[in-house]
Amino acid sequence: MQDKTICLNRSASHEYFILERVEAGIVLDGGEVKSLRLGNVNLKDSFCIIHNGEIYIKNMHISVYEKAGAYNVKESRRDRKLLLHREEIIKLNSKITQKGLTLVPLRLYFKQALIKMELGVCQGKHTYDKKRSLMEKDI
């Protein structure tokens with residue numbers, strides 16, 4: 001069975017060299033899940049941080065679900081926790097503490113009934129790298 005993609009971060013492949021990909025779960029509310037099923041999400045300016053041995057995604061926009069109750073209203077850009085095993089978090093932390101590496105969300109997708117996020121250990125591109133990749137894409 002193939003995974004259904006909810007949202008792609010297209011600018012990530014333009015801005016970064018993707019060195020490694022990691023799958024992570026994400027902690028969401030019920031209204032956020034319903035909003036994701038409608039496709040109301042944006043990963044464009046989002047990034048990941050590691051704080052106290054936990055990974056959080058910052059600046060990911062999930063629109064507030066209109067039919068949710070008055071008590072279910074949350075911020076659309078709140079920090080959301082990502083679910084990984086402790087060994088994976090330690091391994092990622094050692095990689096991103098190297099010079100020039102960062103953790104970027106690449107895509108959000110359904111895996112059976114669960115919502116998963118694909119993270120990439122990435123290195124930033126220079127402007128000449130971006131121009132070169134655009135030329136190769138045109139050819």
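I began with a side-chain pair: Glu118 and Arg21 make a polar contact through their side chains, at 3.5 Å. I note here that the model I am reading is a predicted one.

**Around Glu118.** I looked up where this residue sits, and found Glu118 in strand β9, residues 114-124. Is Glu118 buried or exposed? Its relative accessibility is 16%, so Glu118 counts as buried, the cut-off for buried being under 20%. I then listed its contacts, leaving out neighbours within four places in sequence: Arg21, Val22, Val104, Pro105, Leu106, Arg107 and Tyr109. Two of those names came up again when I checked charges over rings: Arg107 lies over the face of Tyr109, 4.0 Å from the ring centre. My search for aromatic pairs returned 0.

**Phe17.** Next I went to strand β2, residues 16-26, which holds Phe17. With a relative accessible area of 34%, Phe17 is partly exposed. Which residues does Phe17 touch, beyond its neighbours within four places in sequence? I wrote down Val121, Cys122, Gln123, Gly124, Lys125 and Asp129. I also checked one distance across the sequence: Phe17 and Gly120 are 103 residues apart along the chain, yet their C-alpha atoms are 9.2 Å apart in space.

**Cysteines.** How many disulfides does the structure hold? I found 0. For Cys7, the closest cysteine sulfur is that of Cys48, 13 Å away, which is too far for a bond. Cys122 is in no disulfide either, and its nearest cysteine sulfur, again that of Cys48, is 9.7 Å away. I looked up burial for both: Cys7 is buried at 10% relative accessible area, and Cys122 is buried at 0%.

**Helix α3.** My last stop was residues 86-96, where Ile89, Leu92 and Ile96 are buried. What do the buried residues of α3 pack against? I noted strands β2, β4 (47-51), β5 (54-58), β8 (101-111) and β9.

Methods:
Residues are numbered from 1 along each chain as its sequence is written. This is a predicted model: local features need pLDDT of at least 70, side-chain atom pairs count only at pLDDT 80 or more; totals for chains, interfaces and linings use all residues. Side-chain values use heavy atoms; hydrogens and water are left out. Helices (H or I, at least four residues) and strands (E, at least two) are DSSP runs, numbered from the N terminus. Buried means under 20% relative accessible area, exposed over 50%, partly exposed in between (1.4 Å probe, protein chains only). A polar contact is a pair of N or O atoms within 3.5 Å; within protein, one must be able to donate a hydrogen and the other to accept it, and residues adjacent in sequence count only if both atoms are side-chain atoms. Contact means heavy atoms within 4.5 Å. A disulfide is a pair of cysteine sulfur atoms within 2.5 Å. Rings of Phe, Tyr and Trp (its six-membered ring) pair if their centres lie within 6.5 Å; planes under 30 degrees apart count as stacked, over 60 as edge-to-face and the rest as tilted. A charge sits over a ring if NZ of Lys or CZ of Arg is within 6 Å of the ring centre and within 35 degrees of the ring normal.
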